[in-house]
Amino acid sequence: SGTFADQGIPVHDVEPAVTRVLDLHAGLDALRAQMKQKTRYNIGLAEKKGVQVQWWTRNEDPQWDALSDQWWSLVTETSARQGIRSHPRAYYATMLRVLGDAGLLELGVAQHGQDILAMNICISYRGVTSYVHGASTHVKKEYMAPYLLQWSGIQRAHARGDIAYDFYGIAPEGDETHRLASVSRFKAGFGGGVRTYHGTFELVRQPLWRRLYRIAHHLRSL
């Protein structure tokens, strides 16, 4: 018998297998105290600079489609700047529409004046808030808007009574060349512990059909 991981064939993870999770049972002062000093400083700097954060749901905001367009603009800029491959636009549009309609998704916006500096997508389900995607502009980067936006998301989850805040996706520990290495350092500044899951496996029931599928997939990619 054995476990699924013992029998399966490891394949590329579409969703991350390693994540960082923050226990929200502690008070906000305790949560802030466990952050790295630089993270606390950057949060305070964003507050002093006058960065404002708002959270929207699909039912609350009549301009949801406009925010979706702004999100895609920030995603493409962030991906190009950091060298991280983003999902297709339709992926985000479907996520925002389907999970937004279900009342599970919130869109956080950090703004200074008329400038939208950063946006986060958070999904809340069964007592856990997951920060699944984030994007920011290079404009006014010295205002440290992503730090305040992340802290605001943690505060919001805490106020809702959630038990955990999942930062959703980091590089394996010690792998400084991983594509998520830089964002992992950002997330580590907020504290929490690392969780590693098995990853993605294929359980092959019909080897011949799998070989034919792999051949066809390879030919399509040529």
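Reader: How do the residues of the lining of the second largest pocket divide into nonpolar, polar and charged?

Author: Some ground rules come before the answer. This is a predicted model: local features need pLDDT of at least 70, side-chain atom pairs count only at pLDDT 80 or more, and totals for chains, interfaces and linings use all residues. Residues are numbered from 1 along each chain as its sequence is written, and side-chain values use heavy atoms, without hydrogens and water. Next, the classes: Ala, Val, Leu, Ile, Met, Phe, Trp, Tyr, Cys and Pro count as nonpolar, Asp, Glu, Lys and Arg as charged, and the others, Gly among them, as polar. Here the lining has six nonpolar, two polar and six charged residues.

Reader: What volume does the second largest pocket have, and which residues are the closest to its centre?

Author: On a 1 Å grid over the protein atoms alone, a pocket is an open set of points with protein on both sides within 12 Å along at least five of seven lines, where a 1.4 Å probe fits; lining residues have an atom within 4 Å of a point. Volume is the space filled by probe spheres set on the points, which are joined across faces, edges and corners. This pocket has about 190 Å³. Of its 14 lining residues, R20, A171, P172, E173 and S184 are the closest to the centre.

Reader: Which helix gives the most to that lining?

Author: Helices (H or I, at least four residues) and strands (E, at least two) are DSSP runs, numbered from the N terminus. Helix α7, residues 181-188, gives the most, with four residues.

Reader: Why is α7 described as largely enclosed?

Author: Buried means under 20% relative accessible area, exposed over 50%, partly exposed in between (1.4 Å probe, protein chains only). Six of the eight residues of α7 are buried, so the rest of the structure largely encloses α7. They are A181, V183, S184, F186, K187 and A188. They pack against β2, β6 and α6 (145-160), with contact meaning heavy atoms within 4.5 Å.

Reader: Is T177 buried or exposed?

Author: T177 is exposed, at 75% relative accessible area. T177 sits in the loop between β7 and α7.

Reader: In what order do the strands form the sheet?

Author: Two strands pair if DSSP finds at least two bridges between them. Seven strands form an open, mixed sheet: β3-β4-β5-β6-β7-β2-β8. Its edge strands are β3 (52-56) and β8 (193-196), each pairing on one side only.

Reader: How many bridges join β2 to β7?

Author: Three bridges join β2 (residues 18-23) to β7 (residues 164-166), and the two run antiparallel. L22 has Y165 in β7 as its bridge partner.
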